[in-house]
Amino acid sequence: MNKSISTTLKGFMPILDWLPNYKKTDLQGDLSAGLTVGIMLIPQGMAYAMLAGLEPIHGLYAVTVPLLLYAIFGTSRQLAVGPVAMVSLLTAAGIAGLNPESPEQYLVYALSLAFMVGLIQFGMGMLRLGFVVNFLSHPVINGFTSAAAIIIGLSQVKHLLRINLPNSEHIQEMFVAIWQNIGDIHWITFAIGIIGIIIIKYGKKIHKSFPAPLVAVIIGIALVSGFDLTSMGVKIVGDVPSGLPSFSSPSFDMGVWRSLVPIALTISLVGFAESFAVAKTIQAKHKNYKLDANQELIGLGMANFGAAFFKGYPVTGGFSRTAVNNEAGAKTTMASIISAVLIVLTLLFFTGLFYNLPSAILAAVVLVAVSGLIDFKEPMHLWKKDKADFAMLIATFLITLTLGIEIGIIAGMVLSLLVVIYRASTPHMAQLGRVPGTNIFRNIARFPDLESRKDLLMVRIDGPIYFANVEYIKNKIDKWIEEKDEKVKMIVFNMESVTNLDSTGAHELNEWILSWRKNGVDVCMSSIKGPVRDVLNRWAILECIGGDHIFLDDNLALSAFDNDIDQDLFEKYYPYASQTNK
């Protein structure tokens with residue numbers, strides 16, 4: 001019983017699983033990653049809060065308690081939770097429609113939105129609805145991740161070059177803006193960014209545990225401080241507000257909730273899809289732990305509860321920070337705890353240390369990190385192996401690049417769902433023929449020189465027979481009947497690969513049997529699985545087809561067609577046929 005309770009607790013709070021077994025060797029990577037991401041979170045949190053229409057300080061509040069809660073309840077060991085550009089934009093758009101009368105009311109709406117997102121995600125996790133991510137196939141995740149990495153990378157160009165660029169998730173708008181402003185490059189800022197990229201990119205070659213991003217941050221601060229580069233136009237982080245978040249309360253007014261439901265659902269689903277996509281991508285590189293989609297929903301839900309009650313706003317897993325977290329050496333969610341602790345300490349005591357941090361260094365950290373998320377090999381591999389998956393990858397990639405991250409992830413889910421529906425509605429079917437000199441039957445389209453009779457059609461359906469594919473199955477069989485040189489006298493249904501029949505499938509199968517027999521074509525079945533036989537019996541199809549038309553295998557069916565079957569031997573080995581006659 002105690003073991004059962006322990007297992008349940010570890011499932012609900014994954015930190016109880018890895019923390020007791022925490023290795024000292026992991027601390028170096030977690031410390032480096034935690035500090036690096038913590039430093040990133042300060043300017044990013046402030047910027048994203050402003051994007052959401054809030055005071056900058058609320059972006060920092062959103063990366064304290066929420067980070068700690070996700071570290072306790074989440075299953076990804078590298079996912080960095082906090083404000084992201086997409087959710088910030090959605091938050092601003094959703095609240096603007098309510099026409100808040102004051103900044104205080106705006107904040108209450110933001111807190112309420114965070115609470116609703118937390119409630120939806122937590123509820124989905126408890127109800128085991130994490131399967132929604134199954135509609136994100138690997139090609140979709142790959143295409144979406146690569147496109148999102150490019151968009152995020154381009155968003156950092158304005159900090160790397162210090163040129164004016166719009167906040168956009170559309171690559172075409174970004175390229176036009178870069179082209180129009182390319183002449184305004186601030187070369188000193190660009191040089192600092194390049195130095196940062198070189199340090200981060202090649203620092204790991206000095207030693208595997210070398211904290212390259214952290215070193216780049218320190219060198220960037222040193223250069224600005226030592227050479228007074230701010231006077232030459234280098235943009236820095238500047239003043240960081242201080243103070244810890246106090247307890248807050250969202251609104252529980254049903255009128256407000258009704259107005260926020262659409263945007264809350266959008267943020268819940270899109271935020272989870274984005275978060276799980278990047279978590280899955282990073283987990284595939286480590287493979288030393290398992291992701292649980294339902295527990296991820298619970299973890300993100302708890303993080304949003306934390307944002308709601310400590311003056312934050314909706315959060316989710318971010319691409320850029322997660323990539324940085326992974327590249328900086330994060331081994332466990334201890335890195336997130338370290339990031340949260342660093343931000344708390346910074347808010348209390350150390351805001352002045354980051355005053356001279358160049359924005360170009362932070363851009364360099366992000367650019368190097370997201371470059372690792374762009375996968376060139378997978379599209380080439382799919383082009384050679386699976387053209388359909390390649391097309392799905394490219395479609396998701398282009399939609400995300402041109403229409404934005406939100407539409408990209410939704411389009412990817414829709415594409416995945418359409419592919420599932422298409423494949424389910426077009427099951428593989430085969431005409432069977434006998435291998436000469438044996439009682440083995442194979443697909444005549446794959447094996448040459450098989451024996452097949454012109455007046456007999458042996459069909460194998462590889463999959464269920466149900467509402468989505470009955471029309472396809474019937475049309476395929478009718479086509480094969482028409483292609484025969486002689487009139488078909490018997491159709492043999494090999495049922496060994498049929499896994500299930502629904503009511504539509506059963507009804508249609510019964511109609512086919514009656515129609516074919518009316519037209520002088522007899523029908524029999526072979527190799528029926530037990531569960532399928534139960535369904536056939538329940539819908540009286542066995543009675544319709546007749547016990548003497550049900551066979552153990554294709555050879556017995558063919559022998560019966562040739563009128564040379566030993567009926568006593570048949571009933572001995574397949575007595576269900578005689579039972580059906582009764």
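View 1. Strand β7 is largely enclosed by the rest of the structure, because 4 of its 5 residues are buried, where buried means under 20% relative accessible area, exposed means over 50%, and partly exposed lies in between (1.4 Å probe, protein chains only). Strands and helices are DSSP runs numbered from the N terminus, with at least two residues (E) for a strand and at least four (H or I) for a helix. The model is predicted, and local features need pLDDT of at least 70, side-chain atom pairs count only at pLDDT 80 or more, and totals for chains, interfaces and linings use all residues. Residues are numbered from 1 along each chain as its sequence is written, and side-chain values use heavy atoms, with hydrogens and water left out. Strand β6 (residues 490-494) and strand β7 (residues 522-526) run parallel and are joined by 5 bridges; two strands count as paired if DSSP finds at least two bridges between them. N494 has S526 in β7 as its bridge partner, while F493 stands opposite M525.

**View 2. The open sheet.** The sheet has 6 strands in the order β4-β3-β5-β6-β7-β8, and its pairing is mixed. At its edges are β4 and β8 (550-551), each of which pairs on one side only. Strands of a sheet pair through backbone hydrogen bonds, either parallel or antiparallel.

**View 3. Strand β3 and its two partners.** Strand β3 (residues 428-434) is mostly covered, with 6 of its 7 residues buried. The pairing of β3 with strand β5 (residues 456-462) is antiparallel and extends over 4 bridges, and the bridge partner of A430 in β5 is R460. Strand β4 (residues 441-443) also runs antiparallel to β3, to which it is joined by 3 bridges, with R442 in β4 as the bridge partner of G433. β3 and β4 form a hairpin with 6 residues between them, and in the turn G437 has a positive phi of about 80 degrees.

**View 4. The nonpolar cores.** A nonpolar core is a set of buried Ala, Val, Leu, Ile, Met, Phe, Trp, Tyr and Cys residues joined through side-chain atoms within 4.5 Å. The largest such core has 121 residues, of which I39, L54, Y313 and L357 touch the most other members. Helix α13 (residues 254-286) supplies the largest share of this core, 14 residues. Not counting residues up to four places away in sequence, I39 touches L214, V217, L342, F354, L357 and L362, a contact being heavy atoms within 4.5 Å. A second, separate core of 31 residues includes I465, L501, I513 and V532.

**View 5. V535 in helix α23.** V535 is found in helix α23 (residues 530-538), and because its relative accessibility is 8%, V535 counts as buried. Beyond residues up to four places away in sequence, V535 touches N500 and L501.

View 6. T400 is found in helix α19 (residues 387-403) and is buried, with a relative accessible area of 0%. Leaving aside neighbours within four places in sequence, T400 is in contact with F144, A147, A148, I151, E169, I405 and G408. D389 forms a salt bridge with R423, the closest N and O atoms being 3.5 Å apart; a salt bridge is a side-chain nitrogen of Lys or Arg within 4 Å of a carboxyl oxygen of Asp or Glu. This pair links distant parts of the chain, with D389 in helix α19 and R423 in helix α20 (residues 405-425), 34 residues apart. D389 is buried, with a relative accessible area of 15%, whereas R423 is partly exposed at 44%.

**View 7. Two further salt bridges.** The structure holds 6 salt bridges, and in one of them the side chains of D455 and R453 meet at 3.3 Å, N to O. D455 counts as buried at 10% relative accessibility, while R453, at 33%, counts as partly exposed. In another, the side chains of K474 and D478 meet at 2.8 Å, N to O. Both K474 and D478 lie in helix α21 (residues 470-483), 4 residues apart, about one turn of the helix.

**View 8. Helix α15.** Helix α15 (residues 319-327) is mostly covered, since 8 of its 9 residues are buried; among them are F319, R321 and N326. Just after α15, G329 takes a positive phi of about 105 degrees.
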